[in-house]
Amino acid sequence: MLSVVKAIRTCHLKPLADEDCWTLLFKHAFGVHTCIEQSKMEEIGRKIAEKCSGLPLAAVALGGLLGTKLSADYWNEVLTSNVWHLTVQDVQPALLLSYHFLPASLKQCFAYCAIFPKNSELQKKLFQLWIAQGFVCVSQNEKSIEGIGDEYFDELVARSLIQRSVEGKHFKMHDLVNDLATMVSSPHCKRLEDQKPTKNLNKIRHLSYDKRKFNHFGELDSLDGLNGLRTLVALPLVESYRNNYLANEVLHELLLALKHLRVLSLSNYRNVTDLPNSIGNLKHLRHLNLSSTGIKGLPPSTCELCNLQTLLLSHCRDLIKLPEEMGKLVNLRQLDIDGTKLQEMPLEIAKLENLQILTRFIVSKQHTGIKLAELRKFPHLQGQLCISKLENVLDSSDACQANLKEKKKIEGLSLEWSDPILEVSQQVLLEHLQPSTNLKNLTLKCYGGTSFPNWLGDSSFYNIVCLRMENCCHCSSLPPLGQLHSLKELYIERLTSVKAIGCEFYGSNSPSFQPFPSLETLSFVSMAEWEEWNLIDGITTEFPRLSKLYLHSCPKLKGNLPSNLPCLVRLHVGDCSLIESQFSGKVDGRNIMRPFNLFSEFILQFNYLQELIIDGILSLKSFPNNGLPKVLRTLYLRNCENLEFPTHEFLHSCKALEDLTISNSCCTLTSFPLGSLPVLKRLWLYRCTNLKSISILEEAAARQSLMFLEYLKIVLQ
């Protein structure tokens, strides 16, 4: 092994120099701000940096602390604090200082994080658990309690006690900071990670355990004395495909014993199909998470949980009914029923006027059921909302009463009909369902009208970043989506009446107008009748920032495609059988077509293309003479049987290609020359029917290239 993988000498990381610590501390303390006392504060700050002992984490944490108050007096208070002289095992004084100077409310929230193991992915909705425990305080006429909780989380991030991932979507806590949280929360917070006996059970208030290690929960049967428990959380919280198990009798005993629970999270237990009636005894319960369990319904006693604020039932795929007396849950602020099989909602849902989050609203078919107009009773809705079964709306005035336009905190809206049945009245309904211009994400499914509403594509919707239109089968033209200035992602699927796309799509045919200024992802799928993609004459590019283009199952689409896409890095073309022909005019009323080379006239225009997937283009016969785009890293060929396998010289010119998949393609391939692609890492050959051998080239360069190969799979049949 050592002859193949050469031993590399160990690099010992040295502590940062004091000057580097100061640079790091300064960056996190001041950011882009300046201060009148900055010169005086720099003198103090450098002394504080010297106390970091060369640890980057300490400098970052102290920078976050000092940045909360840009005052020389405050900085001097930190410098002269007695906390520097404390000796606490496994906890750096700098981190202890960061905790010491936290406001009391944030200290509780930070300590509560100790229930999450090291390397856990933290989500911002963690503040819901803080709210349930009463750690988040809000005075009258102030922001919502969710808004304050969100600010608490942001403050811990700003102080570097919680770290944001590089892409900015996820959060983690550094191991040393986790040690600090564990220390300051002891003995009240406990996470079970092994089978060791647990001490001071009567003092534990917040308990988490790994459901994968305590698979049958029987290991916890001996934990008596936990009747003061406020939190019980089964980790991890994210959805898992693993079959975790919780015995029904154990669940029943827990609910009987732990009557002071405020947070109960038992997500991802697929074997839990029923909840005991004893759930109604948890009068203090504020947060109940049963996401991704197998429950089919909730017992009526659930409605006795008068303090319940959050009820999470997402991805309970067998859930078919909610209790009739849901109106008793007067303090409920969040109801997540996304991904369930619910076909209707109890009428009493309309009584829950404190709801902030309602992921799904199902319009009833019954005259006595809940109507679309009842949405007017939820003035505080925010986040994501899906309105389904819109075919049950009998009076379009219900849409006006729903008042979506004034629900300015809704960021994501999905409007869904069950089937795309032609119905002219749906046009009036959709016109009245105009949302707020603050909307960021919009989805339309199975709309049965013949044209889209006037508001869709209007430039006043400048906040929309993602738009999906699916199965709107009766609309023959697209709305002017090019006018949506912030639109980044556009997905169009199964609009089977659209035959041509042109200036109506861009919003104008003027050369001075720039459509889609922000669009990065564009996807057309299953457009059965789409034939022509007409471009704007005189404009440099219709899509100046487009980086991903997907064309799938567009069998009549000709090769009149936008070629000036300066930012394109990913291109997928599949099941577009006529794409290698191009309309060139009419003679005697007949369309005249000319051949269109997908490679030389289209793909080779994209200098920055990194990923290319071609599927089901039988007319494609040869690779371009000039080679592939120079930076192409991934090439996937599927069902391109007539495409000739390229020469060794051609392959050698692919200097950046790392991933190659050939599936049911290149029938002329009889022997694959390993080593011909200079930096190939992964090769998959699937159902190459004439493949007889794999050859290894003798050249030194070929042997060198084999050192890059990490994965090789060959499937002949």
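**Packing and backbone geometry of the predicted chain**

Leaving aside neighbours within four places in sequence, Ile387 is in contact (heavy atoms within 4.5 Å) with Phe361, Val363, Leu372, Leu375, Leu404, Leu413, Ser414, Leu415 and Glu416. Ile387 also belongs to the largest nonpolar core, which has 152 residues. A nonpolar core is a set of buried Ala, Val, Leu, Ile, Met, Phe, Trp, Tyr and Cys residues joined through side-chain atoms within 4.5 Å. Buried means under 20% relative accessible area, exposed over 50%, and partly exposed in between, with a 1.4 Å probe and protein chains only. Leu372, Ile387, Phe505, Phe524 and Trp533 touch the most other members of this core. Helix 10 (residues 248–257) supplies the largest share, 4 residues. A second, separate core holds 66 residues, including Ala59, Ala72, Phe110 and Val263. In soluble globular proteins, nonpolar side chains tend to be buried together.

The model is predicted: local features need pLDDT of at least 70, side-chain atom pairs count only at pLDDT 80 or more, and totals for chains, interfaces and linings use all residues. Residues are numbered from 1 along each chain as its sequence is written, and side-chain values use heavy atoms, with hydrogens and water left out.

The chain has 717 residues, and 49% of them are buried. Its secondary structure comes to 15 helices and 30 strands. These are DSSP runs numbered from the N terminus: helices are H or I with at least four residues, strands E with at least two. The C-alpha trace spans about 90 × 75 × 60 Å along its principal axes. Among contacts between residues at least 6 apart in sequence, 59% join residues at least 24 apart. The accessible surface comes to about 34,100 Å², computed by the Shrake-Rupley method with a 1.4 Å probe. Carbon and sulfur atoms account for 50% of that surface. The chain carries 76 positive and 74 negative side chains. Lys and Arg count as positive and Asp and Glu as negative; His and the chain ends are not counted. The centres of the two sets lie 4 Å apart, with each charge placed at NZ of Lys, CZ of Arg, CG of Asp or CD of Glu.

Helix 12 spans residues 425–432, with Gln426, Leu429 and Leu430 buried. These residues lie on the same side of helix 12, because they cover an arc of only 95 degrees around the axis. The arc is that of the directions from the helix axis to the C-beta atoms. The buried residues of helix 12 pack against helix 11 (397–402), strand 13 (410–416) and strand 14 (441–445).

Two cis peptide bonds are described here. One joins Ser186 and Pro187, with omega about 5 degrees. Pro187 sits in the loop between helix 9 (175–185) and strand 3 (189–192). Another runs from Leu235 to Pro236, with omega near -5 degrees. Pro236 lies in the loop between strand 5 (231–235) and helix 10. Leu235 and Pro236 are both in contact with Asp210, as is Leu192. Asp210 is found in strand 4 (residues 206–210) and counts as buried at 14% relative accessibility.

Phe516 is not a glycine, yet has a positive phi of about 45 degrees. Phe516 lies in the loop between helix 13 (503–506) and strand 18 (521–525) and is buried, at 0% relative accessibility. Arg687 also has a positive phi, about 55 degrees. Arg687 is in the loop between strand 28 (682–686) and strand 29 (693–696) and is partly exposed, at 39%. Most residues other than glycine have a negative phi, and most peptide bonds are trans.
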